[in-house]
Amino acid sequence: MSIVHLQAIDILNAEAKFSDPYIFKITFECIAPLEDDIEWKLIYVGSAESESYDQELDNCMVGPVPVGVNSFEFEAAAPSPDKIPASDLLGVTVILLTASYKDAEFIRVGYYVNNAYETEELRENPPEQVDLSKVRREVLVSKPRVTRFNIKWDSDDKAASSATNPAAAAPAASESNSLSSVPVS
């Protein structure tokens, strides 16, 4: 059962220059105390051909996490164009926002990103070499792909160790097992 329920992700600059940072406002609910911090990462998929072009744009540790609704802003630098094949600088790619607890990923939210020239003229007649100063990105926020993973939470350890004491295990059995959807604006 999940202890952390993702409630909303807002990308504050879904349309921006290629070189601008990505800025997210993440809201989640924690339904039980956590012993450790939650690690959030943003990964840019540089090429569909190989994971070797993936770039971790940034990561942050959030904690201590109190029980209840929590919200924070997460800013990650733009990808390094030097690490992306020239043929993959323009067009559609993916960014992945992940959350892990004790090195176990429990949620991954993927968004398509379209990198294109700002003007119709440049899109129709692109220069031989990509000019990133004239490229804009658009994160397609309307249909994120959300993948949830079952992991072992702190309360799972306590519930397993208290299995011989039914009174101690009762609160764990009453916790909700569902996750909220991820509304995106």
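A charge sits over a ring if NZ of Lys or CZ of Arg is within 6 Å of the ring centre and within 35 degrees of the ring normal. Keep that rule at hand for the first stop. The model is predicted.

**Stop 1: a charge and a ring.** Select Arg137 and Tyr22. The charged end of Arg137 lies over the Tyr22 ring, 3.8 Å from the ring's centre.

**Stop 2: the open sheet.** Now show strands β1, β3 and β6. They form an open sheet of three strands in the order β1-β3-β6, paired antiparallel. Look at the edges: β1 (4-11) and β6 (68-76) each have a single partner strand, so one side of each lacks a neighbour in the sheet. From one strand to the next, the twist averages 20°.

Zoom in on β3 and β6. Strand β3 (residues 22-30) pairs with β6 in the antiparallel sense, over nine bridges. Pick Ile26; its bridge partner in β6 is Phe72.

**Stop 3: aromatic rings.** Ring pairs link Phe28, Trp40 and Phe72 into a cluster.

The count of aromatic pairs comes to five. One of them joins Tyr101 and Trp153: this pair is stacked, at 5.3 Å centre to centre with 20° between the planes. Select both residues. Tyr101 belongs to strand β7 (residues 91-101), while Trp153 lies in the loop between β9 (135-148) and α2 (154-161). The pair links distant parts of the chain, 52 residues apart.

Tyr101 is at 0%, so it counts as buried. Trp153, at 1%, is buried too.

Note on methods: Residues are numbered from 1 along each chain as its sequence is written. This is a predicted model: local features need pLDDT of at least 70, side-chain atom pairs count only at pLDDT 80 or more; totals for chains, interfaces and linings use all residues. Side-chain values use heavy atoms; hydrogens and water are left out. Two strands pair if DSSP finds at least two bridges between them. Helices (H or I, at least four residues) and strands (E, at least two) are DSSP runs, numbered from the N terminus. Axes are lines fitted to C-alpha atoms, for helices over the stretch in contact, and angles run from 0 to 180 degrees between N-to-C directions. Rings of Phe, Tyr and Trp (its six-membered ring) pair if their centres lie within 6.5 Å; planes under 30 degrees apart count as stacked, over 60 as edge-to-face and the rest as tilted. Buried means under 20% relative accessible area, exposed over 50%, partly exposed in between (1.4 Å probe, protein chains only).
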